[in-house]
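Let's take a walk through a protein model together. Keep the picture open beside the text and find each part as we get to it.

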Amino acid sequence: PITAYTVQVSRCEDFSTANVACESCQADINAISVNDGLMMTVHPRMDSSLSFKVPADEMDARFDTNMQPAMMRRRVPGLLTNSKLKTMLPRTEQVGLLYEGFLNVDVDGEYTFGIAADDSADIQVANETVASRDNWGWDIVPGRNIFLRAGLHLFRARCIQGGGGLGVLAYWKTPFEPSTFSHIPDSYFRASRLPGLFEYPFDFPVTDSPSLFVYEGLFYYYK
């Protein structure tokens, strides 16, 4: 179940500088519990005549201008493809898929991401695009590597579907296996069903900001 909290910060410490906030800096914050999985939103494409082959630098514009209001929004175990996805969608052609939530990282270190998809898709971690492809294919296209600290990081994956097969899969090279791509298991994804929490642009600080942190299974952000 989703649990929402309002708590008060009584002591804030910036661990990078060892500075401790004074009492006048105290503030109320919101906190929500998180669940396994990701939130998936399905948007019908407004103009199906546009190509489903979308370069990475055009994904934002395509989702901003060529998507109708959502026809479906639900929590799913992770990134779904083909038969698992088609059985739950009200429409399987000429749609845009948006997955939002968090990636739960075990340890500090360098993580390299990869992507496979049908059709065009991209993946963002901590508000940075880490992998993309501009045409369909289930071979892994390597992306970039970023340093992540242990904990939850904002995660988003988008896929623009023309017809036929559909979906997007995320892969990574971790500090444990730095030379081999492996599929990111569903157990590493977290989501919340609170409406509007993951609408863009965000109304709270992004991951890795001093004002965003996770403690004992709760996700906190300043309101």
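Start with a pair of residues that face each other: Tyr111 stands opposite Ile146, which belongs to strand 12. One thing to keep in mind as you look is that this model is predicted.

Strand 9 covers residues 109-118, and seven bridges join it to strand 12, with the two running antiparallel. In general, the strands of a sheet pair through backbone hydrogen bonds, and they can do this in a parallel or an antiparallel way.

Next, let's look at charged side chains. Those of opposite charge can pair when their charged atoms come close. How many salt bridges does the count come to? The answer is eight.

One of these is between the side chains of Asp36 and Arg190, at 3.6 Å from N to O. Here distant parts of the chain are linked: Asp36 is in strand 5 (residues 35-36) and Arg190 is in strand 16 (residues 189-191), 154 residues apart. Are the two partners buried or exposed? Asp36 counts as exposed, because its relative accessibility is 51% and the cut-off is over 50%. Arg190 has 18%, so it counts as buried, which takes a value under 20%.

Another salt bridge brings together the side chains of Arg156 and Asp60, at 3.9 Å from N to O. Arg156 lies in strand 13 (residues 151-161) and Asp60 in helix 1 (residues 59-65), so this pair ties together parts that are 96 residues apart in sequence. Arg156 is buried, with a relative accessible area of 10%, whereas Asp60 is partly exposed at 44%.

For one more pair, go to Asp139 and Arg133, whose side chains meet in a salt bridge of 3.4 Å, N to O. Asp139 is partly exposed at 47% relative accessibility, while Arg133 is buried at 11%. Salt bridges can also share partners, and in that way Asp60, Asp122, Arg156 and Arg158 are joined into one network.

Definitions and conventions
Residues are numbered from 1 along each chain as its sequence is written. This is a predicted model: local features need pLDDT of at least 70, side-chain atom pairs count only at pLDDT 80 or more; totals for chains, interfaces and linings use all residues. Side-chain values use heavy atoms; hydrogens and water are left out. Two strands pair if DSSP finds at least two bridges between them. Helices (H or I, at least four residues) and strands (E, at least two) are DSSP runs, numbered from the N terminus. A salt bridge is a side-chain nitrogen of Lys or Arg within 4 Å of a carboxyl oxygen of Asp or Glu. Buried means under 20% relative accessible area, exposed over 50%, partly exposed in between (1.4 Å probe, protein chains only).
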